[in-house]
Structures are given as structure tokens and as C-alpha cells.
Amino acid sequence: MGGFDESVRWLAEEERVRARLRSPGVASAEEVASRSGMEMFNAIFDGELPQPPMGDTLSFIPIQMSPGEAIFQGRPQVRHYNPMGTVHGGWYATILDSAVGCAIHTTLPAGKAYTTLELKVNMVRALTADVAVVRAEGKVIQAGRQVAIAEGRIIGPDGKLYAHATTTCLIFDYRA
């Protein structure tokens with residue numbers, strides 16, 4: 001499946017997810033620290049915790065989380081354009097950072113947190129508002145006690161690759 005049919009499927013899935021999500025906001029430190037990464041994402045998808053406001057700002061939402069994997073869906077818009085009339089590289093980097101970082105977060109136990117140490121993004125195709133929807137998919141390559149590595153990619157419903165990334169994240173004890 002690809003192209004138009006896949007786009008329709010993706011948009012329908014997004015609507016199902018949106019119906020369950022709470023309004024954007026910030027969870028308390030206690031709500032975050034007391035849950036494993038997967039427990040936190042399950043609470044977001046169940047509407048117990050708010051979805052992070054960054055996605056609202058940049059028109060993307062979490063679609064699916066599973067251990068070691070994260071999928072975000074975004075809608076490139078004119079408000080994300082650079083002066084050359086295409087989506088700014090910062091938009092690519094932000095949705096990819098969310099996907100690869102959250103893929104790592106899904107592997108963390110309660111009381112652990114992470115921060116991005118390094119993010120490498122290669123943009124291979126321009127995005128415009130003519131592309132209605134894309135997905136950023138992140139997957140863990142390796143997760144250790146203090147460092148984790150993940151890779152990600154932005155793809156369209158037709159299977160076209162728009163960007164790919166790698167990240168290195170530092171894992172540490174969460175301090176509320």
C-alpha cells in the first residue's frame with residue numbers, strides 16, 4: 001500500500017489517537033519520575049497525562065510507542081517554511097529528535113531520564129505543504145546503562161524518504 005491510500009489510513013489513525021489525547025500541557029515531575037518510559041507513554045495515550053506542547057506548536061503528534069520504537073506523525077505547513085519556500089530544517093530535526101529520543105525513553109525504567117547529547121540529521125528531500133502528512137520513525141540501536149543510540153527517518157505515505165537521523169543520548173537518574 002502507498003500514496004493516497006496510505007495517506008488516508010495515516011490521517012484516520014491520527015484522528016483516533018487525537019480523540020484519546022489530552023490537551024497539551026506539562027506533566028508534574030512526580031508523574032514523570034514515578035513511571036517507566038512505556039508507562040508514561042501509555043498514560044499520555046490514555047489521556048491521563050497531557051501531550052507535550054511542542055507537538056502542538058510544530059504540528060506533530062505521537063502515534064505509537066512500543067519498547068525501543070516511537071512513531072510521530074507531522075503535517076508540514078507553510079508556517080514551518082524557511083525563506084526558500086520549503087520546510088525549515090529545524091522542523092525535520094525536531095520531529096526526528098522526538099522520535100529517536102522517545103524510542104530511547106520507551107526503554108527506561110521509572111526514575112531514569114535522558115537527554116540528547118548528539119543529533120545528526122541528513123535531509124535528502126525537500127518538504128512542502130503539498131505533502132499532507134509524514135511520519136518520523138525512531139528505533140533504538142543500543143541502550144546501555146548511561147548511553148543509548150537510536151536511528152530515525154522521516155517518510156511519506158508513498159514510502160519516500162525525506163530525512164534520516166542518528167542520536168546519542170545520556171541516561172541519568174531523574175531528579176524531580
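When I say buried, I mean under 20% relative accessible area; exposed is over 50%, and partly exposed is in between, with a 1.4 Å probe and protein chains only. Helices (H or I, at least four residues) and strands (E, at least two) are DSSP runs, numbered from the N terminus.

Okay, before we start, some ground rules. What you see is a predicted model, so local features need pLDDT of at least 70 and side-chain atom pairs count only at pLDDT 80 or more, while totals for chains, interfaces and linings use all residues. Residues are numbered from 1 along each chain as its sequence is written, and side-chain values use heavy atoms, with hydrogens and water left out.

Let's begin with helix H3. Seven of its nine residues are buried, so H3 is largely enclosed by the rest of the structure. The buried ones are Gly37, Met38, Met40, Phe41, Ala43, Ile44 and Phe45. What sits over them? The cover includes H1, H2, E1 and H5. And just after H3, glycine 47 takes a positive phi of about 80 degrees.

Serine 59 isn't a glycine, yet its phi is positive, at about 65 degrees. This serine is also buried, with a relative accessible area of 10%.

Next, the empty space. Rolling a probe the size of a water molecule over the atoms shows where empty space is left. A pocket here is worked out on a 1 Å grid over the protein atoms alone: an open set of points where a 1.4 Å probe fits, with protein on both sides within 12 Å along at least five of seven lines, and lining residues have an atom within 4 Å of a point. For volume, grid points are joined across faces, edges and corners, and we take the space filled by probe spheres set on the points. The largest pocket comes out at about 690 Å³. Its lining has 33 residues, and nearest the centre are Met40, Pro52, Cys102, His105 and Tyr114. Two or more lining residues come from each of H2 (29–33), H3 (37–45), H4 (53–58), E1 (60–66), H5 (89–105) and E3 (112–123). Which element gives the most? That's H5, with six residues. By class, the lining has 21 nonpolar, ten polar and two charged residues. Ala, Val, Leu, Ile, Met, Phe, Trp, Tyr, Cys and Pro count as nonpolar, Asp, Glu, Lys and Arg as charged, and the others, Gly among them, as polar.

Now for the charges. Side chains of opposite charge can pair when their charged atoms come close. We call it a salt bridge when a side-chain nitrogen of Lys or Arg is within 4 Å of a carboxyl oxygen of Asp or Glu. How many does the structure hold? Ten.

Take glutamate 13 and arginine 9, whose closest N and O atoms are 3.7 Å apart. They are four residues apart in helix H1 (residues 3–20), which puts about one helical turn between them. Glutamate 13 is buried at 15%, whereas arginine 9 is partly exposed at 37%.

Glutamate 14 is buried, at 2%, and arginine 75 is partly exposed, at 28%.

Then there's arginine 153 with glutamate 137, at 3.2 Å between the closest N and O atoms. Arginine 153 is in strand E5 (residues 147–155) and glutamate 137 in E4, so parts 16 residues apart in sequence are tied together. Through shared partners, salt bridges also join Glu6, Arg9, Glu13 and Arg135 into one network.

That brings me to arginine 135, in strand E4 (residues 134–143). Buried or exposed? Arginine 135 is buried, at 5% relative accessibility. Its side chain makes polar contacts, meaning N or O atoms within 3.5 Å, one able to donate a hydrogen and the other to accept it, with residues adjacent in sequence counting only if both atoms are side-chain atoms. One goes to the side chain of glutamate 13, at 2.7 Å, and another to the side chain of glutamine 73, at 2.6 Å. Beyond four places in sequence, arginine 135 touches residues including Trp10, Ile63, Phe72 and Ile155; contact means heavy atoms within 4.5 Å.
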